[in-house]
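Please consult the sequence and the model while reading.

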Amino acid sequence: EEEEEEEEEEEEGNPIKISNLDDLNAIKRAYEESFCDGLVHTEKIKETHAVSNAKILIGSIACTFAFVAQFYPVYLRKRNGGTHDVKFHEDPFLQRLTLVCVCGYVIMNAILTLFVLFCERGVLFWGEFYQEEEEEDDAKKKSKTSNSNNSLVGHQVCARIHHVRYSPKLTLELVSRELLSNGVVKKMDKEKKVKTKDGEVLLPTTRGRVMKVVHVAEYVYTDGVFAETSYLNMVEQLVTEYEQSLEKKDK
């Protein structure tokens, strides 16, 4: 227990610090990383890795094609004691292999691009509601019992951050994976039209979809230190609003 407390103190003693406050990408990255951390910190949502693993697998296959095309001739030289001069135009097998590898690399990269566009869709965090079964203090048990809804266990949720270029405002979104996968969100955005007012992305909300607009400077101090605790509390409140949006429509 003492070791865990020391680790927590060390983590608290090393806050996120943005070195260049003029770099909007660095600030946005801090918001994105802390958004994902905040969802896990609520102890209601755990991260799922199926989509990330699929993307890594596709990328790995593409890299394998590139690796074989690049280094197979080197292997042929070494196999013949380094004396054999590999001539591409005189080796039909090498020609076919290179052609297959180049085509495979291009195809896998195209698949990866389509996967990012139509499957990942800008999602930062793929999560699932769960309920702790480990032994805990009575106070923690009471708070979890009152705040958690058993019907939400297994419910899948996605987190995204929307940003208009050069705008100082970010829109944090929690949306049901079911709505996102079925194209309901895309259809809703088309019908009700996503509004952009003064750089804000205003999304139509519904059952299983909530949002929060924040200014990039809202959780960043003048010295570049990120106000992690306040931001995590805001993310927890957003998760509560998401749960409430589901409960209201279910009644």
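**Grounds for the structural terms**

R160 stands opposite E173 in strand 4. The model is predicted: local features require pLDDT of at least 70 and side-chain atom pairs count only at pLDDT 80 or more, whereas totals for chains, interfaces and linings use all residues. Residues are numbered from 1 along each chain as its sequence is written, and side-chain values use heavy atoms, with hydrogens and water left out.

Q: How do you know that strand 3 and strand 4 pair?
A: Two strands pair if DSSP finds at least two bridges between them. Strand 3 and strand 4 are joined by 7 bridges, so they meet this criterion, and they run antiparallel. They form a hairpin with 5 residues between them, and Y166 in the turn has a positive phi of about 70°.

Q: What makes strand 2 (residues 125-129) a partner of strand 3 (residues 156-163)?
A: A strand is a DSSP run of E with at least two residues, and a helix a run of H or I with at least four, both numbered from the N terminus. Between strand 2 and strand 3 there are 4 bridges, in the antiparallel sense. F125 has A159 of strand 3 as its bridge partner.

Q: Why do strand 1 (45-47) and strand 7 (209-215) stand at the edges?
A: The 5 strands form an open sheet in the order 1-2-3-4-7. Strand 1 and strand 7 each have a single partner strand, so one side of each is left without a neighbour in the sheet. The twist averages 30° from one strand to the next.

Q: Why is F71 called partly exposed?
A: F71, in helix 3 (residues 50-79), has a relative accessible area of 43%, which lies between 20% and 50%; therefore the term applies.

Q: Why is H49 called partly exposed?
A: H49 has a relative accessible area of 43%, so the term partly exposed applies. H49 is found in the loop between strand 1 and helix 3. The C-alpha atoms of H49 and G127 are separated by 8.4 Å, although these residues are 78 apart along the chain.

Definitions and conventions. Axes are lines fitted to C-alpha atoms, for helices over the stretch in contact, and angles run from 0 to 180 degrees between N-to-C directions. Buried means under 20% relative accessible area, exposed over 50%, partly exposed in between (1.4 Å probe, protein chains only).
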